[in-house]
Amino acid sequence: LYYKWLAEEEKYRIRLETLRLAEGRAKMLEKRFKEGDVERMKLTDNERSILKRRDEMLKGELELIRVKT
């Protein structure tokens, strides 16, 4: 049980880090879009990616809670 909790904790940490990276990329893409270097489609695709990562993170939080109890 302890190792399952430890594994879920690590998965959660990785999900959080990938979400932060995607959010950082969004800021960079927004700036490049305003400068005319990036198409709107890239922004939309990155927004979709962020939403997917947030969903994965929430699922990970639920699994972490489930394993802890």
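## Contacts of Leu19

Leu19 touches Ile50, Arg53, Arg54 and Met57 when residues up to four places away in sequence are not counted; contact means heavy atoms within 4.5 Å. Leu19 belongs to helix α1, where helices (H or I, at least four residues) and strands (E, at least two) are DSSP runs numbered from the N terminus. With a relative accessible area of 7%, Leu19 is buried; the term buried stands for under 20% relative accessible area, exposed for over 50%, and partly exposed for values in between (1.4 Å probe, protein chains only).

## Basis of the values

The model is predicted: local features need pLDDT of at least 70, side-chain atom pairs count only at pLDDT 80 or more, and totals for chains, interfaces and linings use all residues. Residues are numbered from 1 along each chain as its sequence is written, and side-chain values use heavy atoms, with hydrogens and water left out.

## Salt bridges

A salt bridge is a side-chain nitrogen of Lys or Arg within 4 Å of a carboxyl oxygen of Asp or Glu. By this rule, seven salt bridges are counted. Lys4, Glu8 and Lys11 are linked by such bridges into a network. Between Lys4 and Glu8, the closest N and O atoms are 4.0 Å apart, and these two residues lie four residues apart in helix α1, about one turn of the helix. The bridge between Lys11 and Glu8 has an N to O distance of 3.3 Å; Lys11 and Glu8 are three residues apart in helix α1 and therefore separated by about one helical turn.

Glu8 counts as buried at 5% relative accessibility, whereas Lys4 is partly exposed at 40% and Lys11 is partly exposed at 41%.

In helix α2 (residues 40-68), Lys59 and Asp55 are four residues apart, so about one helical turn separates them. Their side chains meet in a salt bridge of 3.2 Å, N to O. Lys59 is exposed, with a relative accessible area of 54%, while Asp55 is partly exposed at 37%.

## Aromatic pairs

A pair of aromatic rings is described by the distance of the centres and the angle of the planes. Rings of Phe, Tyr and Trp (its six-membered ring) pair if their centres lie within 6.5 Å; planes under 30 degrees apart count as stacked, over 60 as edge-to-face and the rest as tilted. Two aromatic pairs are counted by this rule. Tyr2 and Tyr3 form an edge-to-face pair, 5.4 Å centre to centre with 70 degrees between the planes. Tyr2 and Trp5 form a tilted pair, 5.9 Å centre to centre with 35 degrees between the planes.

These ring pairs link Tyr2, Tyr3 and Trp5 into a cluster. Tyr2 and Trp5 both lie in helix α1, three residues apart, about one turn of the helix. Tyr3 is exposed, with a relative accessible area of 67%, and Trp5 is partly exposed at 26%.

## A charge over a ring

The charged end of Arg40 sits over the ring of Phe33, 5.5 Å from its centre. The criterion is that NZ of Lys or CZ of Arg is within 6 Å of the ring centre and within 35 degrees of the ring normal.
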